[in-house]
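Hi there,

Have a look at it whenever you get a moment.

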Amino acid sequence: MSRYRGNVEAVRNLIRETEVHRDVYIDDEVFQLEMEHLFGNTWVYVGHESQVPNEGDYYGTTIGTQPVLMVRHGDDTVRVLHNRCPHKGTRITTETYGNTGKFFRCPYHAWTFRTDGTLRAIPLAKGYECAKLEESHAGAGMNPVKHVHNYRGFVFAKLNDVGPGFEEFFGESLSSIDNMVDRSPVGRLQVAGGVLRYMHNCNWKMLVENQTDTCHPMVAHESSAGTAIKVWDNAPPGAKKPMAVEIYAPFVAPYDFFEKMGIRVWPNGHGHTGVHHSIHSNYSAIPGYFDKMVAAYGENRAKAILDENRHNTCYFPNLMVKGPIQLIRLFKPISANKTLVESFTFRLIDAPDLLLERTLVYNRLINAPTSVVGHDDLEVYERAQEGLKVDANQWVNVGRLYEPGEQTDITAESNGTTEWQMRNQFRAWSKFMALSM
Amino acid sequence: MAAPTNQELIDFVVREARLIDEHRLDEWLELFADDGIYWMPLEWGQTDPKLTASLMYEDKLLLTIRIERLKGNRTFSQKPRSRCHHVLQVPQVDKRDEPANEYLTYTPMHYVETRHDEQQLYAAWARHTLTVVDGKLKIKLKRVDLVNCDAAFGNIQLFM
């Protein structure tokens with residue numbers, strides 16, 4: 001039975017001012033509608049241009065649940081194509097990374113396509129003379145994703161024609177990407193070190209919400225970060241605090257630390273924690289790095305770049321950026337109760353290798369399937385996914401520090417423990433779901 | 001102790017796995033040299049633990065944090081606790097370097113980790129770099145290469 005398809009009011013009614021209906025997390029039909037509308041009408045992160053440095057390089061990924069290919073075309077632009085042969089539907093590539101040369105060749109019937117997707121040749125072409133191939137879907141080649149935008153190396157795409165343009169959709173929120181890129185003395189990043197992949201048996205939005213949930217670290221991570229502090233307390237006096245302890249410890253900072261850290265919301269569901277300081281603020285200096293930044297930007301600008309310590313920036317719907325540690329996470333929806341988390345790390349071009357090493361330590365300690373901090377988080381997500389089955393209460397509360405008349409689609413700052421950013425996301429969810437229903 | 005015999009090296013590796021299976025993790029940690037490392041690469045044939053991501057690359061401090069965490073009353077991901085089980089092939093002694101006090105073993109294995117109704121099977125190759133410290137064999141490096149090292153996993157909470 002279809003409860004939500006074609007019923008925009010029913011979808012809208014899932015979101016209240018301070019509450020969200022459980023079907024947003026557990027209902028298969030809502031999930032399918034998210035893939036069609038939310039992931040169709042918004043700009044979704046595809047990949048970084050450094051993943052396809054040379055002509056013919058490709059990278060296979062998904063937008064929502066749609067398989068796509070990011071490819072470097074002959075004119076040096078990065079294109080995004082649907083990963084499907086227009087003939088019988090065969091997926092063209094199955095390796096995540098590769099180089100296809102001048103053209104893609106379908107492994108089934110050897111139809112070939114240029115790296116912009118256009119049909120190049122088919123064997124025994126004469127047999128199609130009366131089939132009006134040029135007027136058909138098949139003759140159009142591999143469908144390109146229509147709307148693609150490369151912002152400072154970060155490639156985003158929008159599947160549908162409806163929805164705002166790139167600049168309108170992201171607006172000021174792009175400042176978090178700017179800050180991460182500017183941390184390279186030459187203003188360039190490169191995906192490096194390998195991608196950690198972590199399977200979560202929960203809804204993708206639980207992860208997105210958790211990025212600006214500052215009331216959980218000192219509770220959920222007492223087990224990991226709290227234990228790290230206790231163990232380190234037994235270290236001999238004067239011992240140099242290891243990078244790992246520097247990374248673990250702030251996760252159990254007191255509420256006061258998180259309240260003062262601040263949260264900023266932006267239009268269209270974007271927002272970030274760490275307006276004033278964050279868990280990344282007190283890392284040890286990396287020898288030689290600041291001097292390089294000063295040489296590149298001048299002292300004032302270098303300081304301004306490095307004093308920005310945004311913790312998690314959520315790019316709605318499913319990209320999370322951590323500028324100060326040069327890391328992004330992508331929450332890839334698989335089904336209502338299954339999400340793949342991919343964590344990519346970046347090398348800051350022309351900066352010391354120790355920065356990449358620290359990024360990788362962070363990623364390993366926080367975002368790996370073997371990470372104890374990750375175990376804390378996934379445990380509570382999975383418990384929530386189970387607990388939402390309880391019929392007695394069908395609503396999730398996101399009411400912390402709500403004030404009646406709270407505005408939507410504005411830029412504003414608030415106390416770091418507000419759930420405003422979660423409400424901001426759900427209002428954007430409702431807006432982009434309804435846009436094409 | 002004089003140079004360990006091959007049988008002593010093999011017995012050590014077998015006992016190491018058993019200590020994990022029996023949750024005797026404090027005793028297990030004592031098997032590591034002070035500068036010992038536990039490494040689980042992310043990449044097939046990985047050579048670089050620093051500038052390439054790993055699933056684990058941990059010194060005794062980080063291993064201690066894991067073990068202490070498993071004992072914690074507020075370690076919610078261990079309510080109920082995970083259990084694990086190793087099936088080892090007979091460890092092979094790949095290299096004996098007595099002057100350098102270094103011995104390498106190679107042990108293909110299956111490792112099962114279970115919690116609630118879920119049971120995960122992992123296949124791996126364990127490589128131990130062992131050394132004699134104060135008359136006792138110690139681990140300088142335990143490297144665990146998963147066959148599917150680059151797959152997307154759920155929680156892996158214990159030690160392989």
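In which order do the four strands of the open sheet in chain A come, and is the pairing parallel or antiparallel? The order is S5-S4-S3-S6, and the pairing is antiparallel. Here a strand is a DSSP run of E with at least two residues, a helix is a run of H or I with at least four, and both are numbered from the N terminus; two strands pair if DSSP finds at least two bridges between them. Strands S5 (78-82) and S6 (97-99) of chain A each have a single partner strand, so they stand at the edges with one side lacking a neighbour in the sheet.

Between S4 (residues 66-72) and S5 of chain A there are five bridges, and Leu69(A) sits opposite Leu81(A) of S5(A).

Before the overall picture, some housekeeping. This is a predicted model, where local features need pLDDT of at least 70 and side-chain atom pairs count only at pLDDT 80 or more, while totals for chains, interfaces and linings use all residues. Residues are numbered from 1 along each chain as its sequence is written, chains are lettered from A and ligands numbered from 1 in the order in which they are written, and side-chain values use heavy atoms, leaving out hydrogens and water.

As for the whole chain, chain A has 15 helices and 21 strands. Its C-alpha atoms fill a box of roughly 85 × 55 × 35 Å along the principal axes. Of the 437 residues in chain A, 57% are buried (under 20% relative accessible area, with a 1.4 Å probe and protein chains only).

Best wishes

Technical notes:
Buried < 20%, exposed > 50% of the residue type's maximum accessible area, 1.4 Å probe, protein only.
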